[in-house]
Amino acid sequence: MSQLATNTSINASLHRQLYDMTWPMLFGVLSLMTFQLTDSAFIGQLGRDPLAALGFTIPMQQLVSGMYVGLGIATTAVISRNLGQNNSDRARQLGGLVVLIGATLVLVLCLLVWFGQKPILTLLGAEPELWPVIRQYWAPWLIAAWIGAMVYFGYSLCRSHGNTKLPGAVMVATSLLNIGLDWLYIFYFGWGLPGAAWATATAFGLGALVIYPLLLKRGWLGFDLAGLQLVRAVRQLGGIMAPAMVSQMMPPMAAVLATALVASFGSTAVAAWGLGSRLEFFSIVVVLALTMSMPQMIGRMLGRGEIESIRRLVRLAVRFLVVWQLAIGLLWLLGSGLVTELFTTDAQVQSILASYLWRVPLSYGGLGACMLMVSVCNALGLPLRALLISTLRLFLCYLPMLWLGSQLNGIPGLMTGALVGNLLAGIIAWQLYRAGMARLSAKSRQEPGEVTARNAG
């Protein structure tokens, strides 16, 4: 068989594997984003203050999710490698350890957010008259955040075992339930803004009641930690988890600082920025699905020493997402008028949101490439490189461009700064990934057995 035919066959196989692993996650994440957009649309009907309260909450939502997503990354990386070494008992015990550590860490963070409301809201630039509205919302929201983290750990365990259909199905089911409960709690029961958070808590709680019994039944989760060598296991998780958590918390840090910058233009700007952020989450569902499906594939390939297959897989994914995200950006630009009228009735918020949609979505390809490279580097056992990519995006690209744009041209300039910052971040992330792969390839050629064993953990 010719080299061209061989390469074509390999690419077709990788394409099929990537598709099979990603499509359940795509529908799951899409459903999550849909209920979040529905939340925003319903809350937008309550007036500007509830919408602004949501805008000030989003950075903190990203902070909490950054912690448990970072732990989820470590879970997928470590457990998938143990499964690649046919060590299913250890994988099951590590699953129990992850759930216990995650439940504790997220609970502590939620309590810190609750008791630190005043300094947090001061840092974000929230107007004092909004504080009671935000406080009323944050109590049920933090409960929902903790339950959501527990469900996410269950999703991570499923993905570690190569199963994306179960978490995808649970995501869809809980999202549809959340949409129905949104209307019931917010409007029918008259709970207003807190009703949106209680709807999420209820849906996630039912999701946890579905997924955890299935994990126990399939033998993917166990709390019999005897013989696990806890110190070694915690160290193994921590080696990836700590930098992964920090890298995942970089975007929330950027969101906090960006929101504080936007707040200097008033609560109307924060309301529009919050809506734009929700639309951004919805727009990058393909990226999020890839970041969930690819680490398990990469972990097993790495355990088998298939460096070239990893390279082909990543190249395939990046080419696809750049084209896809450009198409999404053009759709938002063309439909900006309809979208702004759908999500808010406030003319000022509509104007600022339109400015967002004309600019920022065109950079989602760069943002997606950056996010994917962070996930890939963590799966490759290069968490410090992933952390470097996140740090450079925050301090070299995104925030400096936001500030510079706002100084040059106010809110429209700030939106342009976000566009430029995302594109720069994507280019830098790709170059850093390529450099990391080059070093990994050189080591695998020099010490193939040693590198495989080290990465298998």
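**Notes on a helical model**

1. Let's start with a bend. Helix α5 bends by about 35° at W138, and a proline, P140, follows within four residues. Keep in mind as you look around that this is a predicted model.

2. How far does α5 reach from its first C-alpha to its last? The helix covers residues 131–160, 30 residues in all, and the span is 41 Å. That is close to the 44 Å expected at 1.5 Å a residue.

3. Staying with α5, have a look at its surroundings. The helix is mostly covered, with 22 of its 30 residues buried. Just after α5 comes G162, and this glycine takes a positive phi of about 80°.

4. Now for the charged pairs. How many salt bridges does a search of the whole structure find? The search turns up three. I'd take them one at a time, beginning with the two that involve R92.

5. In one of these, the side chains of D89 and R92 meet, at 3.9 Å from N to O. A salt bridge here requires the nitrogen to be within 4 Å of the carboxyl oxygen, so the 3.9 Å of D89 and R92 falls inside that cut-off. Both residues sit in helix α3 (residues 88–115), three residues apart, which is about one turn of the helix. An α-helix has 3.6 residues a turn, so residues three or four places apart point the same way.

6. R92 has another partner, D224, and the closest N and O atoms of that salt bridge are 2.8 Å apart. Why does this pair tie together parts that are 132 residues apart in sequence? Because D224 lies in the loop between α7 (193–217) and α8 (230–263), while R92 is in helix α3.

7. The remaining pair is E308 and R311, whose side chains meet in a salt bridge of 3.3 Å, N to O. Both belong to helix α11 (residues 307–334) and are three residues apart, about one turn of the helix. E308 is partly exposed at a relative accessible area of 39%, and R311 is partly exposed too, at 23%. Going back to the other salt bridges, shared partners join D89, R92 and D224 into one network.

8. Next, helix packing. Two packed helices are described by the angle between their axes and the distance between the axes. Helix α10 (residues 285–303) packs with helix α14 (residues 364–379) at an angle of about 25°, their axes being 9 Å apart. That makes α10 roughly parallel to α14. Their crossing is right-handed.

9. Then try helix α6 (residues 165–188) and α7. Are they roughly parallel or roughly antiparallel? Their axes come within 8 Å and cross at roughly 150°, so the two helices are roughly antiparallel to each other. Here α6 passes α7 in a right-handed crossing.

10. Last stop: V360, in the loop between α13 (347–359) and α14. Is V360 buried or exposed? V360 is buried, with a relative accessible area of 2%. Look for G329 as well: V360 and G329 are 31 residues apart along the chain, and their C-alpha atoms are separated by 7.9 Å.

Note on methods. Residues are numbered from 1 along each chain as its sequence is written. This is a predicted model: local features need pLDDT of at least 70, side-chain atom pairs count only at pLDDT 80 or more; totals for chains, interfaces and linings use all residues. Side-chain values use heavy atoms; hydrogens and water are left out. Buried means under 20% relative accessible area, exposed over 50%, partly exposed in between (1.4 Å probe, protein chains only). The expected span of a helix is 1.5 Å times one less than its number of residues. The bend at a residue is the angle between axes fitted to the seven residues ending there and the seven starting there. Axes are lines fitted to C-alpha atoms, for helices over the stretch in contact, and angles run from 0 to 180 degrees between N-to-C directions. Angles under 35 degrees count as roughly parallel, over 145 as roughly antiparallel, 65 to 115 as roughly perpendicular and the rest as oblique. A crossing is left-handed if the near helix is turned anticlockwise from the far one by less than a right angle, and right-handed if clockwise.
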